[in-house]
Each structure stands twice: as structure tokens, then as C-alpha cells.
Amino acid sequence: MSTSYRIAKLGKPDKASFVSLMCSAFAQDPIFLHIFGHSEFNEKARRHTAHFISFLFDKSAWLHEEIWGYFENGKLLGAYVIEKPTTTKIRRMSILRLVGKLITLTYRLPIRKIRQLNEYMQVTRSMAPNTAPHYLIIIGVAPEAQGKGIGKALLQHLLHDVDSCPISHGVALDTENFQNIAIYEKFGFTLIEEACIDHLPIYGMFRPKQ
């Protein structure tokens, strides 16, 4: 990991870089393969993946979410999206914008994939504690930069924010890669529940605030 890196919150100018990064980072991810197909070899799968990640970026601006990125020499090499616990309600205008984006997404993705995404969200969120945790929606590192400590730096940044938040009880996440369980356990996460969607295993994990 370079000593000249910085971790910063992403804004609208970073959207294209974020979408490109996450499309490559999750090209072989089990849930993305299950829902969208092989984006590296199929143009339709690539477009569908990009539309979904673009939606993730847009909705973060209207909900209680933040996107943070790891930069080296101005290049985005890793990022995560975190949903924050809050005591405030979502503004009416934000809800209207979100509904508008959801409608647009239905024109860009087959209804079957929309239903799969909805089922996935319902299953994963049901595994999270009923307290007030942060929720790690997605975290990814560019394939060419993996193994250099970037994911570790992003997780440490995230956990510092969680532990500093007065209303958070910890952070929950889900993974479909069994190998990731041991990695997250090193950061204090515990496997709390397992589920399946169309025979695809999903592992829910939680780390209490420290």
C-alpha cells in the first residue's frame, strides 16, 4: 500500500470512476454472477451490472448513506458504500428522486432481475440485528490493486467511523464468498446467520461497536 494514498468521500464527479471500479471488482462475485451473468464476456450482463452500480451511487445521495474511496495519485482504487443509522427521517424530495430512479431502473433491467435484487435485499437485511447498526452495502478493490492492503485500509476507516458514532451499535454486512468470512473475522466480525437464494449461500456478519 502506498504511503501517498488518501481516503475521501466521493461526490458526483467520481461517479464514472466508481461504476468502472465496482464493475471490475465484482465481475466474479457470486451474487453478481447469479443475477447479472458474466459481465466480462457478455455485453448485456456488463450493461446491467453498470446500471445497477450507477443506481447504488445515485441513491446514496438521497438516503442516509455515504461512499468513501481510496485514491493513489488521483486514481480511485477502492471504495465502499455504508448505510448509516439515523434519528432523522428521509426527506420527501429524496423519496421522490429515489422512486424516479427506481422507475428508470425498471426500464434498464429485466423485471426478473429487479425481483432477484429485491429478494436479495430483503434476505440480507433480515439477517442484520434489530438494533441500530451501520450496514456495509458494498466494498470493492480494483483487481489490479488487490493484495496491497487497500481493503484493510478501507475497513479500518469504516470501523473508526462506526466506533465514533454515538447512535450506532456496530456494523452489519453480508458476503457470498465463504473465503471472506475469515477475513472479516480478523476485523472483529462474527457470523450470525446463513441463508440461501436459489441455492446461493449468503452469510450475514456483525461487529459490535467497540
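A: A cavity here is a set of grid points where a 1.4 Å probe fits but cannot get out. The model is predicted. The part to follow is helix 3, residues 43-60.

The structure holds one cavity of 30 Å³ or more. The largest cavity contains about 70 Å³ of space. Its lining is made up of His-51, Ser-54, Phe-55, Asp-58, Lys-101, Thr-104, Leu-105 and Arg-108. Helix 3 and helix 4 (92-108) are the elements that give two or more residues to this lining. By class, the lining has two nonpolar, three polar and three charged residues.

Now turn to the packing with helix 1, residues 15-25. Two packed helices are described by the angle between their axes and the distance between the axes. The axes of helix 1 and helix 3 come within 9 Å and cross at roughly 130°. That angle makes helix 1 oblique to helix 3. The crossing is right-handed.

Which residues meet there? Helix 1 brings Lys-15, Phe-18, Val-19, Met-22 and Cys-23. Helix 3 answers with Thr-49, Ala-50, Ile-53, Ser-54, Phe-57 and Asp-58. The contact of helix 1 with helix 3 counts seven nonpolar, two polar and two charged residues. Ser-54 and Asp-58 take part in this contact, and they also line the largest cavity.

Last, the open space. The second largest pocket has a volume of about 230 Å³. Its lining comes to 13 residues. Nearest its centre lie Lys-12, Phe-57, Asp-58, Ser-60 and Ala-61. Helix 3 and strand 2 (65-72) each supply at least two lining residues. The pocket lining divides into five nonpolar, two polar and six charged residues.

Asp-58 links the picture. This residue meets helix 1, lines the largest cavity and is among those nearest the centre of the second largest pocket.

How values were computed
Residues are numbered from 1 along each chain as its sequence is written. This is a predicted model: local features need pLDDT of at least 70, side-chain atom pairs count only at pLDDT 80 or more; totals for chains, interfaces and linings use all residues. Side-chain values use heavy atoms; hydrogens and water are left out. On a 1 Å grid over the protein atoms alone, a cavity is a set of points where a 1.4 Å probe fits but cannot get out, and a pocket is an open set with protein on both sides within 12 Å along at least five of seven lines; lining residues have an atom within 4 Å of a point. Grid points are joined across faces, edges and corners, and a volume is the space filled by probe spheres set on the points. Helices (H or I, at least four residues) and strands (E, at least two) are DSSP runs, numbered from the N terminus. Ala, Val, Leu, Ile, Met, Phe, Trp, Tyr, Cys and Pro count as nonpolar, Asp, Glu, Lys and Arg as charged, and the others, Gly among them, as polar. Axes are lines fitted to C-alpha atoms, for helices over the stretch in contact, and angles run from 0 to 180 degrees between N-to-C directions. Angles under 35 degrees count as roughly parallel, over 145 as roughly antiparallel, 65 to 115 as roughly perpendicular and the rest as oblique. A crossing is left-handed if the near helix is turned anticlockwise from the far one by less than a right angle, and right-handed if clockwise. Contact means heavy atoms within 4.5 Å.
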